[in-house]
Amino acid sequence: AGPEADCGSTERFCGITGTGYISLASLFLKTGGMTRQGFFTLENSPLLRRVLSENRFESGTPEEGTRFNLGQGLYISARDVEELLKVKAAASLGLSRRLDFAGIASADLCAVYLSGALGSHVDKEDLENLGFFPPGLARKILVSGNTSLQGAALLLSDSEAREKLARWSKGVSSLDL
């Protein structure tokens, strides 16, 4: 979001969340308004050309590059998409390295657990559409909530859980990504 974002006088924070960026990028990709490489385009998107009665693509700052104006001072810029692609690449690499290390195909996974605020609010299909997860994995994604807080509370209150964790940690190995 730009500094000119109009979020009203009662709003404390204003802008687009990480899940919002994921949803926007997925929508642009689905409708042909963005290439798989992250470039905005209307050439492949008759739907977007019809829907957009005004030119919403504009030049941002040199750091932002081209940006799509969402109105009320909010936009998604080429820089935002570039950052999202970096996060996607890291997440995808992390998953593929773990699966390779364990000798497991993604199709053989029973479930993938997402935790934290992002995991609780993101659209699973958007993650798959953008390539965070291999095709077919979205239906296996389960939300597990704030696992770090739950785990900390469990370890503070349950000595058996602490002992179990100490035993499990001895078999842990590091995987360089």
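Modeller: Let's start with a pair: Lys 86 and Glu 83 are three residues apart in helix H3, which is about one turn of the helix. Helices here are DSSP runs of H or I with at least four residues, strands are runs of E with at least two, and both are numbered from the N terminus. Before we go on, this is a predicted model, where local features need pLDDT of at least 70, side-chain atom pairs count only at pLDDT 80 or more, and totals for chains, interfaces and linings use all residues. Residues are numbered from 1 along each chain as its sequence is written, and side-chain values use heavy atoms, leaving out hydrogens and water.

Back to our pair: Lys 86 and Glu 83 form a salt bridge, with their closest N and O atoms 3.2 Å apart. (That term means a side-chain nitrogen of Lys or Arg within 4 Å of a carboxyl oxygen of Asp or Glu.) Shared partners link such bridges into one network of Arg 79, Glu 82, Glu 83 and Lys 86. Glu 82, for instance, also bridges to Lys 86, at 3.8 Å between the closest N and O atoms. Glu 82 and Lys 86 are about one helical turn apart, because they sit four residues from each other in H3.

How open are these side chains? Glu 83 is partly exposed, at 31% relative accessible area; so are Glu 82, at 41%, and Lys 86, at 46%. (Buried means under 20% relative accessible area, exposed over 50%, and partly exposed in between, using a 1.4 Å probe and protein chains only.)

H3 has a buried side of the story too: Val 81, Leu 84, Gly 94, Leu 95 and Leu 99 are buried. The buried residues of H3 pack against helix H1 (18–31), strand S3 and helix H5, where contact means heavy atoms within 4.5 Å.

Now zoom out to the whole helix. H3 covers residues 78–102, so that's 25 residues, and its first and last C-alphas are 36 Å apart, close to the 36 Å expected at 1.5 Å a residue. (The expected span is 1.5 Å times one less than the number of residues.) Just after H3, Gly 103 has a positive phi of about 70°.

H5, one of the packing partners of H3, has the highest mean pLDDT among the elements, 94.

Key
pLDDT is the predictor's confidence in each residue, from 0 to 100.
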